[in-house]
Amino acid sequence: MTEHLSTVAGVAVDTRHWIGGERVASAETFTDVSPIDGSTLAEIARGTAMDAAAAVAAAKAAFPGWAATPRAERARLLHAIADGVEKRLEDLAIVETHDNGALLRSHRRGVMPRAAHNFRFFADWLLKLDHEDFDTRGHTNTVSWDPAGPCVLITPWNAPLMLATWKVAPALAAGNTVILKPAEWTPLTASLLADIAAEAGLPAGVLNVVQGYGSEIGDVLTSHPDIRRISFTGSVPTAKRISASAAANLTPLSLELGGKSPLLVFADTDLDLAVDLAVEQYDNAGQVCLAATRVLVEEPLVDEFTRRFVAKAAELRQGDPREATTDIGPNIHPRQLEKIDGFVQRAIAAGARAVIGGHRGAGQHYAPTLLTDVAQDSEIVQEEVFGPVLTLQTFTTEDEAVRLANDTRFGLAATVATGDHERAERVTAQLVAGTVWANCFFVRDLRAPFGGSRHSGVGREGGTWSFDFYCDVKNTVSAPKGWRGHG
Ligand SMILES: NC(=O)c1ccc[n+]([C@@H]2O[C@H](COP(=O)([O-])OP(=O)(O)OC[C@H]3O[C@@H](n4cnc5c(N)ncnc54)[C@H](O)[C@@H]3O)[C@@H](O)[C@H]2O)c1
Ligand SMILES: O=C/C=C/C=C(\O)C(=O)O
């Protein structure tokens, strides 16, 4: 037994899959390494096609029972899982920090409370889910949100438990069973979530966790005919593969993908606010899908903005994410660091100038970077870097700002900084993005639709949108009493 437990920062983590209410090992393992110091955290079960198929079978077997469980009982169990997340908040926070290198204080204050909130929110929303019946010549239309079946949920490493629970909670609330496949760089908190769900009393097979490489077990999961929904957060190339694989069974998909979101700074803005919004984009070492990585500044403001930005960014402290004084932790993996530096060096070779940064930092850190003299059609402006790298461009008219902002293949988010209310309304209305923020950033309400336009995603989740996706939405039309048909 103990050979399957790893101790991470004093917390015992089971390194096996969680399938049908049991821990299941694989013949092989893969090594999970900490981005903080390169140390080995655990040897994790390396899922095979057989493990993936077993998880689907377990989810299929558990589905009828869970789908028939009264809503109030499903909601009660989700709240019990939220209680468990809150009880183990410190364990989850420290384990996640070791696993993905993001700040411990963010995990404590923001991310793990949000993970618990994901369960509470969808439990409560389930109980409120309703519509007004409507009448068609005396016939009553009644809409119901019926459970769809087993779901495959595939998540990335940048916010592992937050993004896993953002999918698991609504899927379970809807009456579906789940196979969660966490990213191979961050497998640990998904395993702790399985412990928490079991302790809360979630029936066996309702939540299954399969560890392993997406390239080895992804297709088995996403092409399986018993799977009724796939929700994926990750990169565009993987999304295309999954879409092709899901097409075999016409399995409905929700895809939340990358971005190259703009921050539009107008000359009439509160400059302190605009600078704060820009510097905030280095959060999580730039590994945030929503990050506004293209800073677009109105020409007359650019010198003053740049001066203030540089001063503010210089205050950021890179270091150990466990320390309360650290602002930016390491990037996730040497491969990711390589990728980030590749983007930056190619940009510089193409004529970009690094106002700050432009190189690696100590250990697995990348120096916060701002690149200027970049062409709109260049790689650095068009492609997602997923590191602490921003570009700076200028504009002279509102139309030009909107045109530059919309001129990538992405459309996840956009942020506008302006002191003019009418301008804010005019500009936000023209931006192509799933989420647009005016004079703020990352203000999230789980009732709101969340997702991306164009290559940033397919579909929306959040509030009723989540239930629309995870359910077979049904309309039942009842004839009035005594009705004898059309004849
Ligand atoms: N829109 C959002 O909400 C959001 C949130 C976070 C991250 N992201 C995006 O995620 C990307 C970074 O994450 P990543 O590098 O882990 O992405 P990725 O696509 O490489 O991996 C994501 C997940 O997909 C799995 N996977 C890989 N190949 C697969 C296959 N063939 N079939 C099924 N699953 C497979 C991986 O194992 C991992 O669990 C960035 O583009 C980022 O913008 C988007
Ligand atoms: O890095 C991506 C962050 C995504 C955030 C959400 O999915 C959310 O707030 O629900």
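Author: What follows starts with the ligands, moves on to the domains and ends with some helix pairs.

A quick word on the ground rules: this is a predicted model, so local features need pLDDT of at least 70, side-chain atom pairs count only at pLDDT 80 or more, and totals for chains, interfaces and linings use all residues. Residues are numbered from 1 along each chain as its sequence is written, while chains are lettered from A and ligands numbered from 1 in the order in which they are written.

Let's begin with ligand 1. It has 30 residues around it, and the ones that come nearest are G214, G218, G234, G258 and C289 (a residue is near a molecule if its C-beta atom, placed from the backbone, lies within 6 Å of it). Two elements give two or more residues to this shell, α7 (214-222) and α8 (236-247); helices here are DSSP runs of H or I with at least four residues, numbered from the N terminus. The largest share, five residues, comes from α7. By class, the shell around ligand 1 has ten nonpolar, 14 polar and six charged residues (Ala, Val, Leu, Ile, Met, Phe, Trp, Tyr, Cys and Pro count as nonpolar, Asp, Glu, Lys and Arg as charged, and the others, Gly among them, as polar).

Now ligand 2. Around it sit N158, A159, L163, W166, V288, C289, L290, R444 and F450. That shell divides into seven nonpolar, one polar and one charged. Both domain 1 and domain 2 give residues to it, so ligand 2 lies between them. Ligand 1 draws on both domains too, with at least three residues from each.

So what are these domains? The assignment gives domain 1 (2-257 + 454-475) and domain 2 (262-438), with bounds that come from an automatic or database domain assignment. Their centres, taken over C-alpha atoms, are 31 Å apart. Where they touch, 17 residues come from domain 1 and 20 residues from domain 2 (two residues are in contact if their C-beta atoms, placed from the backbone, lie within 7 Å). On the domain 1 side, α3 (89-100) and α4 (104-128) are the elements giving two or more residues. This side has seven nonpolar, seven polar and three charged residues.

Those two helices also pack on each other: α3 and α4 meet at an angle of about 130 degrees, with their axes 9 Å apart. The axes are lines fitted to C-alpha atoms over the stretch in contact, and angles run from 0 to 180 degrees between N-to-C directions. That makes α3 oblique to α4 (under 35 degrees counts as roughly parallel, over 145 as roughly antiparallel, 65 to 115 as roughly perpendicular and the rest as oblique). L89, L92, A93, I94, E96 and T97 of α3 make this contact with L104, H107, R108 and M112 of α4. By class, that is six nonpolar, two polar and two charged residues.

For another pair, look at α9 (residues 271-279) and α10 (residues 302-314), which pack at about 55 degrees with axes 9 Å apart. They are therefore oblique to each other as well. Here L271, A274, V275, A278 and V279 in α9 meet E304, F305, R308, F309, K312 and A313 in α10. Their contact has eight nonpolar, no polar and three charged residues.
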